[in-house]
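Subject: Structure for you to look at

Hello,

Here is the structure I said I would pass on. Please open it before you read my notes.

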Amino acid sequence: MSELLAMGFFQRAVAAALLLSLICGALSVFVVLRRMAFIGVGISHSAFGGVALGFLLKVNPLWTGIAFSVLVAMLIELARARGRLEEDTAIGIFFAASMALGVVFLHLSRTYNVDVFGFLFGNILAIGWRQVVEILVVSVAVLAAIAVFFKELVFLSFDEEMAWVSGVPVTALRYFFLVLMAMVVIVAIYLVGIILVSALLVIPGALAGNLTRHIRAMAAVSVGAAAGSCLAGLAVSAVLDWPSGATIVLLLALGFFGSSFLRGRRFG
Amino acid sequence: MKTLAIRIRDLWVNFNHTPALEDIDLDIQEGRYVGILGPNGAGKSTLLKVILGLITPSRGEVLVFGENPRKLRHAGSLIGYLPQRPLSHPRFPVSVMDVVLMGRYGRIGLGRRPGREDYEIAKANLARLGILHLADRPIGELSGGEQQRVFIARALSMEPRLLVLDEPTIFLEPCAKDELYEIMHGIKEEMNLTVLIVSHDVGAVVQHVDDVVCLNRRVVVHEAPPIGRLALESTFGCSVEYLFHGEIPHRVVRRDV
């Protein structure tokens, strides 16, 4: 293990995993409290279209991915706000369409040498310092945004109508939160991939909700659970030669079941 | 003449082309304790939401303290609100104090934390409702009656001039209901508030409030000199009344819908 830690690729993976744990753990609290698990799935899957567009246009898939995910998130919110579509129906339609678009984009780009599998399931051990810096920039921005708007986000999660009446800019914050989710989803794809990324936005918060009774403690436990399972997942995957993203998600799920068991014992 | 807290003229609200509120005119004077009565589906909550600015009327004008309510919400919350089901998530991880402080958020503004003054106001309102000892408890662990008091303390922490309560007694025991109306009466006097309380609990409301507004699905409400219930009913053909305390006995006749 110590030889592994001395290697550059593993150091980069650990740095990236810790940063991503921080933002996924923090955002996950609000995703769970606002019951936005499914929209997380929608945003992450629609990123596939954006990433493939990046290959087609030969630009950094990070930017096309973020643009695409933000756009789809906005469309889902717009459809909901107009009241024409139920939110889950809108999500179901938009993410399937984006993924289909992604498949067509990949076909048109004829770049069969790109690591599609890595985008779908994550390949954290392959990232370079450039990606680590991207993750760092996004992490700083997201954490700053959560710190500045923390009390409004809590209010919004608790009672949106009341927040509106109190003069909180509810609509702007709803869109803002979706942008945060889209940004986090895109950088977290490096770690666990498009298919599994929503796990990082749901499980840490759900796990923490089982063990805590106050939102600050919940956020701390959520970040801790994400970081713990990322580090343990990297170690386990290195020792057993398992895929790292899937190992991390499995450990998180295991942690969730453990927390449910503890909660059941504590609260009867 | 006293100022008007609420002035509604020719108000129509449609949902999917079906009128939920129809041709409503209503004046509520500042400083009154007003009960809005009506059967389920009468549009009581809709009327409140129009007054709060949450619903935009299809037609007509609503003024709260002379202002459009949608503008009013930015002007430092003149309306305190108790929603019908304030706790959407039964185990939401915040303390009672956190909830009451939410009433201050509109005044505190974006990106700033509650200061000492906000805590003082929150504490004073918890004390006023007799639940200061619960301040550090998680909101989800309180009984229904205790939670209701927390949400009233939150509404009061907005330092409103108008307090709007949507079915505040719906989940309470009969004794707790009377107690709540009495508490509200005391607070109204002490803080010089206009209070609007929605209920379908005819008996309890009429004992405690100054005025009764009866609302029935498609409604015509007229503030009026006491031309009498029967005259109003025969004129408008529905069971809408505006009864003045002392001038007409507090008896409410509800016609079948």
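This is a predicted model: local features need pLDDT of at least 70, side-chain atom pairs count only at pLDDT 80 or more; totals for chains, interfaces and linings use all residues.

Residues are numbered from 1 along each chain as its sequence is written, while chains are lettered from A and ligands numbered from 1 in the order in which they are written.

Chain B as a whole

Chain B has eight helices and nine strands. Helices (H or I, at least four residues) and strands (E, at least two) are DSSP runs, numbered from the N terminus. Of the 257 residues in chain B, 41% are buried. A residue is buried if 20 or more other C-beta atoms lie within 10 Å of its own, exposed if 12 or fewer, and partly exposed in between, with C-beta atoms placed from the backbone.

If we take the contacts in chain B between residues at least 6 apart in sequence, 68% join residues at least 24 apart. Two residues are in contact if their C-beta atoms, placed from the backbone, lie within 7 Å.

The chain is split into domain 1 (1-78 + 161-257) and domain 2 (82-159); the bounds come from an automatic or database domain assignment. Where they meet, 14 residues of domain 1 of chain B are in contact with 13 residues of domain 2 of chain B. On the domain 1 side, β6 (162-166) and α6 (174-191) of chain B are the elements that give two or more residues, and α6(B) gives the most, with four. By class, that side has nine nonpolar, three polar and two charged residues. Here Ala, Val, Leu, Ile, Met, Phe, Trp, Tyr, Cys and Pro count as nonpolar, Asp, Glu, Lys and Arg as charged, and the others, Gly among them, as polar.

Strands and a helix in chain B

One open sheet has three strands in the order β2-β1-β4 of chain B, with antiparallel pairing. Two strands pair if DSSP finds at least two bridges between them. β2 (18-29) and β4 (59-64) of chain B are at the edges with a single partner strand each, so one side of each has no neighbour in the sheet. From one strand to the next, the twist averages 15 degrees. Strand β1 (residues 4-15) of chain B is joined to β2(B) by eight bridges, and Leu11(B) stands opposite Ile24(B) in β2(B).

Helix α1 (residues 44-52) of chain B lies across β1, β2 and β4 of chain B, at about 120 degrees to β1(B). Axes are lines fitted to C-alpha atoms, for helices over the stretch in contact, and angles run from 0 to 180 degrees between N-to-C directions. Seven of the nine residues of α1(B) are buried, so the helix is largely enclosed by the rest of the structure. Among them are Lys44(B) and Lys49(B). Just after α1(B), Gly53(B) takes a positive phi of about 90 degrees.

Strand β7 (residues 194-199) of chain B has six of its six residues buried. Strand β3 (residues 33-37) of chain B runs parallel to β7(B) and is joined to it by five bridges, with Tyr33(B) partnered by Val195(B). β6(B) also pairs with β7(B) in the parallel sense over five bridges, and there Leu162(B) has Thr194(B) as its bridge partner.

Contact between the chains

The contact takes 22 residues from chain A and 23 residues from chain B. On the chain A side, α8 (150-158), α9 (160-165) and α11 (215-240) of chain A give two or more residues. α8(A) gives the most, with five. This side of chain A has 12 nonpolar, five polar and five charged residues.

The core, and one residue of chain A

Which residues touch the most other members of the largest nonpolar core? They are Leu27(A), Val184(A) and Ala188(A), in a core of 161 residues. A nonpolar core is a set of buried Ala, Val, Leu, Ile, Met, Phe, Trp, Tyr and Cys residues joined through C-beta atoms within 7 Å. Its largest share, 26 residues, comes from helix α10 (residues 170-211) of chain A. Both domain 1 and domain 2 of chain B give residues to this core, so it lies between them.

Ser260(A) is in helix α12 (residues 244-267) of chain A. Ser260(A) is partly exposed, with 14 other C-beta atoms within 10 Å.

Regards
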